[in-house]
Amino acid sequence: MAAAAKFPPGWRVVTAEAAGPLHLAGGGENQDAHAYRRLGDGFVLAVADGAGSAAWSACGARTAVAAACRVAEDLAGAPPRERSGWWDLRRRYVSRFLHTFDAWAAGLGRPPADLATTVLAVVAHPPAFLFVAVGDCFAVVEHAGGGTHLLLPPDAGPDDGAAVFLTSPGRAASLRAELLFDPAVTGLALCTDGLVEPALAAGRGPGGGRVLRAPQDFERYFSAFAGPEHSPALLTDRMHSPEFAAASADDKTMVLAVRT
């Protein structure tokens, strides 16, 4: 399923998702979730990836993206008047988001581990962007004339390899909250970790460790929807392609915001 919306003026939001082959074969539901809202002349985007081992993780993912959007509507309907206000907004947004998710999750009457999910949200009032993430979702940005860049890579978690979720006791140490001020940003892509293998390129760093990057052809995800002629089905078809299914059996979700 894919959807497109043109808001606010000058931006278009396109979403697509695909359940992983294993879930499809077993008749299970897609455990990813996404949401977006307009914030005056800005917007908030959010994606979440429910843990496959958690019984209610799809519900946890839906709760996470709903909380991310609600808090953005409450706190960031208009941008801070001064750039310095973004640092205060970052602090307040993170605190309120975690509190809101915890409160809503508690109301579901399930153990926190049953709702395990990662999350990635961006609160955008261009040229300012606030990214908040727990877990291994990732964000790619496009710059005018500068190509695409993996701004927020998937978090591999602590050294012991344990996954970190929004319900994990150690989430505070792994939470990432980054501010970007850049008038040259022309596109954003928020992705769940099922797209790491199909959509990113891997190399080796100076120490021999794996380094991920956005390959040059990632630009096609933005260019396909920047012009007046576009079809959200193009993104959905890509998500369901045999190439993507072979690269990852996980659920896949992408939310694009493209300057038009």
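## Charges over rings

The charged end of R83 sits over the ring of F181, 4.3 Å from the ring centre. This is a predicted model. F181 also belongs to an aromatic cluster, together with W86 and W87.

R220 lies over the face of Y221, at 5.7 Å from the ring centre.

## Aromatic pairs

How many aromatic pairs does the whole structure hold? A search finds six. One of them joins Y93 and F97, and this pair is stacked. The ring centres are 6.3 Å apart, with 10° between the planes. Y93 and F97 both lie in helix α3. They are four residues apart, about one turn of the helix. Y93 is buried, and F97 is buried too.

F218 and F222 form another aromatic pair, and this one is tilted. Here the centres lie 6.0 Å apart, and the planes make an angle of 45°. Are F218 and F222 buried or exposed? Both are buried.

## Strand β13 and its partners

Strand β13 covers residues 252-259. The strand is mostly covered, with seven of its eight residues buried. Strand β2, residues 11-18, pairs with β13 through eight bridges. The two run antiparallel. Within this pairing, A16 stands opposite M254 of β13.

Strand β10, residues 185-191, is also joined to β13. Five bridges link them, again in an antiparallel arrangement. G187 stands opposite V258 of β13. β13 therefore has pairings with both β2 and β10.

## T15 in strand β2

T15 sits in strand β2. Is T15 buried or exposed? Its relative accessible area is 3%, so T15 counts as buried. The side chain of T15 also makes a polar contact. The partner is the side chain of H34, at 3.4 Å.

## Salt bridges

Side chains of opposite charge can pair when their charged atoms come close. The count for this structure comes to nine salt bridges. One of them joins D88 and R91, with the closest N and O atoms 2.6 Å apart. Where do these two residues lie? Both are in helix α3, residues 85-106. They are three residues apart, so about one helical turn separates them. D88 is partly exposed, at 33% relative accessibility. R91 is exposed, at 52%.

D114 forms a salt bridge with R110, the closest N and O atoms being 3.1 Å apart. D114 is buried, with a relative accessible area of 18%. R110 is partly exposed, with 32%.

E197 and R210 meet in a salt bridge as well, at 2.8 Å from N to O. E197 lies in helix α5, residues 196-199, and R210 in strand β12, residues 210-213. The pair therefore ties together parts that are 13 residues apart in sequence. E197 counts as partly exposed, at 43% relative accessibility. R210 is partly exposed too, with a relative accessible area of 46%. Some salt bridges share partners, and in this way D88, R91 and R92 are joined into one network.

## Cysteines without disulfides

A disulfide is a covalent bond between the sulfur atoms of two cysteines. How many disulfides does the structure hold? The count is zero. C59 counts as buried, at 17% relative accessibility.

C137 is in no disulfide either. The nearest cysteine sulfur to C137 is that of C191, 8.7 Å away. A disulfide needs the two sulfur atoms to be within 2.5 Å. C137 is buried, with a relative accessible area of 1%.

Methods
Residues numbered from 1 in each chain as written. Predicted model: local features only at pLDDT ≥ 70, side-chain atom pairs only at ≥ 80, totals over all residues. Heavy atoms only, no water. Buried < 20%, exposed > 50% of the residue type's maximum accessible area, 1.4 Å probe, protein only. Polar contact = N/O pair within 3.5 Å; in protein donor to acceptor, adjacent residues only side chain to side chain. Salt bridge = Lys/Arg side-chain N within 4 Å of Asp/Glu carboxyl O. Phe/Tyr/Trp six-rings, centres within 6.5 Å; stacked < 30°, edge-to-face > 60°. Lys NZ or Arg CZ within 6 Å of the ring centre and 35° of its normal.
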